[in-house]
Amino acid sequence: MNKKEPLQWHPAFCCAMRLALRHEEGLEYIDEFSLTDKPLQIDLMIVKKSKEKLIRNQIGKLFKGHNIIEYKSPDDKLNINTFYKSIAYACLYKSSPIHKESINPNDITITLIRDSNPRKLIKTLTNLGFMVTEEEKGIYLIHNTLFDTQIIVTSLLDISDGIWLKSLCRNITKDLYFCLYEDITNNFNDAEKSLAKPVVQLISLANKDNINDWKGENSMCQALMEIMRPEIEEEIKKRFNDGFNDGFNDGFKKGEIQSRIKTYYECGVTPEDIAQKVGCELEYVNEILGI
């Protein structure tokens, strides 16, 4: 079995949470919130600035004033130790001297997030006397805890509220992948596209074998070219310079065209569309690509 490539899931997760809750007002996001002077950090802290504001998204219905988010990537385990660690984090947060005013413990919530269903954790919690109920699809409440606590299973979330969290996986479906790009194309402003960029990059790396098989789909290509344009142009320049320095004697134009052909193809553009974009014959594009 091939060893999985280690990926940086947490930065993409923090962006995905912002995207999932982007229609909600009055939320402040603090990535890797430091609990002490030494390295002890909460993955994501979401502060609800106004008590009057209601969260409509199913992910945040539990939210109160101070919301501790603990995320486990598809490569990590969500177990009973994670549960108790999150409670310890909440206690440290409650007692932290950085707060100008005392925080009511009833104003703190904990959210544990993972891709797959943590059945073993839920069974362990039940055996320990906690009651666990499924409130909505993919959202479980843990009752009788010191702080209001929920488990979110992203693979089970409704796509309407959870598309960006659902996508943080190693087995993304073709339909979900293209829904992301339709969301970017139809619904995102420039700031949201910037947030989506690290998520898209992470998803593409985690699912690169499947995504390579989906190349040529227009909806994906158009949105990908939009969101990844700066990276694509930078890669084109790099490849052009590398190609030129390696001894292309036909000058800058040849190196640039070949770099553009390869980079466009890796981003899912069909050879036919590449030929139109770079202004050359399809046969030449296929020759460069070796197809």
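**Close-ups of a predicted model**

At 24% relative accessibility, L195 counts as partly exposed, a label for values between buried (under 20% relative accessible area) and exposed (over 50%), using a 1.4 Å probe and protein chains only. This is a predicted model, where local features need pLDDT of at least 70, side-chain atom pairs count only at pLDDT 80 or more, and totals for chains, interfaces and linings use all residues. Residues are numbered from 1 along each chain as its sequence is written, and side-chain values use heavy atoms, with hydrogens and water left out.

View 1. L195 sits in helix α6; helices here are DSSP runs of H or I with at least four residues, strands are E runs with at least two, and both are numbered from the N terminus. Leave aside neighbours within four places in sequence, and L195 is in contact (heavy atoms within 4.5 Å) with C15, R18 and L19. L195 and L19 are 176 residues apart in sequence, yet 7.3 Å apart in space, C-alpha to C-alpha.

**View 2. Helix α1 against helix α6.** The two axes come within 9 Å and cross at roughly 135°. Axes are lines fitted to C-alpha atoms, for helices over the stretch in contact, and angles run from 0 to 180 degrees between N-to-C directions. That makes α1 oblique to α6, the class left over once under 35 degrees is called roughly parallel, over 145 roughly antiparallel and 65 to 115 roughly perpendicular. On the α1 side, look for W9, A12, C15, A16, R18 and L19; on the α6 side, E192, L195, A196, P198, V199, L202 and A206. By type, these contact residues split into eleven nonpolar, no polar and two charged. Nonpolar covers Ala, Val, Leu, Ile, Met, Phe, Trp, Tyr, Cys and Pro, charged covers Asp, Glu, Lys and Arg, and polar takes the others, Gly among them.

**View 3. Helix α5 against helix α6.** Helix α5 (residues 174–187) packs on helix α6 (residues 190–206) at about 165°, with the axes 11 Å apart. That makes α5 roughly antiparallel to α6. Y177, L180, Y181, I184 and N187 of α5 meet E192, K193, A196, V200, I203 and S204 of α6. The tally for this contact is seven nonpolar, two polar and two charged.

**View 4. Aromatic pairs.** The structure holds five aromatic pairs. Rings of Phe, Tyr and Trp (its six-membered ring) pair if their centres lie within 6.5 Å; planes under 30 degrees apart are stacked, over 60 edge-to-face and the rest tilted. F13 and Y71 are a stacked pair, 4.1 Å centre to centre with 5° between the planes. F13 lies in helix α1 (residues 9–20) and Y71 in strand β3 (residues 66–71), so the pair ties together parts 58 residues apart in sequence. Both F13 and Y71 are buried. For Y177 and F178, the ring centres are 5.9 Å apart and the planes are at 75°, so this pair is edge-to-face. Y177 is buried at 2% relative accessibility, and F178 is buried too, at 10%.

**View 5. Helix α4 and its cover.** In helix α4 (residues 159–166), the buried residues are G162, I163, W164, L165 and K166. What covers them includes α1, α5 and α6.

**View 6. N144 in a loop.** N144 is in the loop between β6 (139–143) and β7 (148–153). N144 isn't a glycine, but has a positive phi of about 65°. Most residues other than glycine have a negative phi. At 61% relative accessibility, N144 counts as exposed.
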